[in-house]
Amino acid sequence: AAVDNGKATATFVLAPDCSVGTHAIRVRTKTGVSNLQLFSVGNLKEINETEPNDDKATAPEIALNTTVNGVVNSEEVDYFPVQLKANDRISVEVEALRLGTAMFDPKIRLFDPAGTEIIAEDDTQMFRQDAGFVYVAKADGRYVIGISEASFGGSGDSYYRLHIGTFPRPFAVTPMGGQPGQQL
């Protein structure tokens, strides 16, 4: 790790068998321990958001089964078009508040090929402020996913990981519970 004016820069490499999910890290120095920082490990192809992507009509398309790492600034909406065929199932989930970097309440939307908003998801029971949805396409075409701060706030600290693909995304478990050791 390189240290410059009290700031350390380090690079770490994840083990190939690192489990998918959110992990915590701290840095310990002679003067103390850093604040807890979270990072997320996924199993989809990862790309960084590229600007300009604030216009539904001209935003560059992305491939399904991709995680987009991005940031939402004030009054900004980031758009990510994907191609779907009728009866294709798409799962969309955002990690934002769970990353712990800012009080960022994301809202995700889905627009059909005609440009009509067909889903607007703000909060979900499973992810709380981090939204998600599953949708089965009604027709072939270019669908667009949009992400913004729920009240169109945002800042340079409003980081997100937007997962878009064909992965299974359950939102509930049934039965809701049972006795320990009992097969359900």
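Guide: Contact here means heavy atoms within 4.5 Å. The model is predicted.

Visitor: Which residues does Arg-161 touch, not counting residues up to four places away in sequence?

Guide: With those neighbours left out, Arg-161 touches Ser-40, Val-41, Gly-42, Glu-46, Thr-67, Val-68, Asn-69, Glu-93, Val-94, Glu-95 and Leu-99. Arg-161 itself is found in strand S15, residues 159-165.

Visitor: Why is Arg-161 called buried?

Guide: Buried means under 20% relative accessible area. Arg-161 has 6%, so Arg-161 is buried.

Visitor: What makes the pair Glu-46 and Arg-161 a salt bridge?

Guide: The limit is 4 Å between a side-chain nitrogen of Lys or Arg and a carboxyl oxygen of Asp or Glu. The N to O distance for Glu-46 and Arg-161 is 2.8 Å, so the pair is a salt bridge. Glu-46 lies in strand S7 (residues 45-48) and Arg-161 in strand S15, so this pair ties together parts that are 115 residues apart in sequence.

Visitor: What makes Glu-95 and Arg-161 a salt bridge?

Guide: Their side chains meet at 3.3 Å, N to O, and the cut-off is 4 Å. The pair links distant parts of the chain, with Glu-95 in strand S10 (residues 89-95) and Arg-161 in strand S15, 66 residues apart. Glu-95 has 6% relative accessibility, so Glu-95 counts as buried. Glu-46, Glu-95 and Arg-161 are linked in a network of salt bridges.

Visitor: How do you know that the side chains of Arg-161 and Asn-69 make a polar contact?

Guide: A polar contact needs a pair of N or O atoms within 3.5 Å, one able to donate a hydrogen and the other to accept it. The side chains of Arg-161 and Asn-69 make such a contact at 2.9 Å.

Visitor: What makes Glu-117 and Arg-109 a salt bridge, and how is each residue classed?

Guide: The side chains of Glu-117 and Arg-109 meet at 3.2 Å, N to O, and the limit is 4 Å. Glu-117 has a relative accessible area of 41%, so Glu-117 is partly exposed. Arg-109 is at 9% and therefore counts as buried.

Visitor: How many salt bridges does the structure hold?

Guide: The structure holds four salt bridges. The chain has 16 positive and 24 negative side chains.

Methods. Residues are numbered from 1 along each chain as its sequence is written. This is a predicted model: local features need pLDDT of at least 70, side-chain atom pairs count only at pLDDT 80 or more; totals for chains, interfaces and linings use all residues. Side-chain values use heavy atoms; hydrogens and water are left out. Helices (H or I, at least four residues) and strands (E, at least two) are DSSP runs, numbered from the N terminus. Buried means under 20% relative accessible area, exposed over 50%, partly exposed in between (1.4 Å probe, protein chains only). Lys and Arg count as positive and Asp and Glu as negative; His and the chain ends are not counted. The place of a charge is taken as NZ of Lys, CZ of Arg, CG of Asp or CD of Glu.
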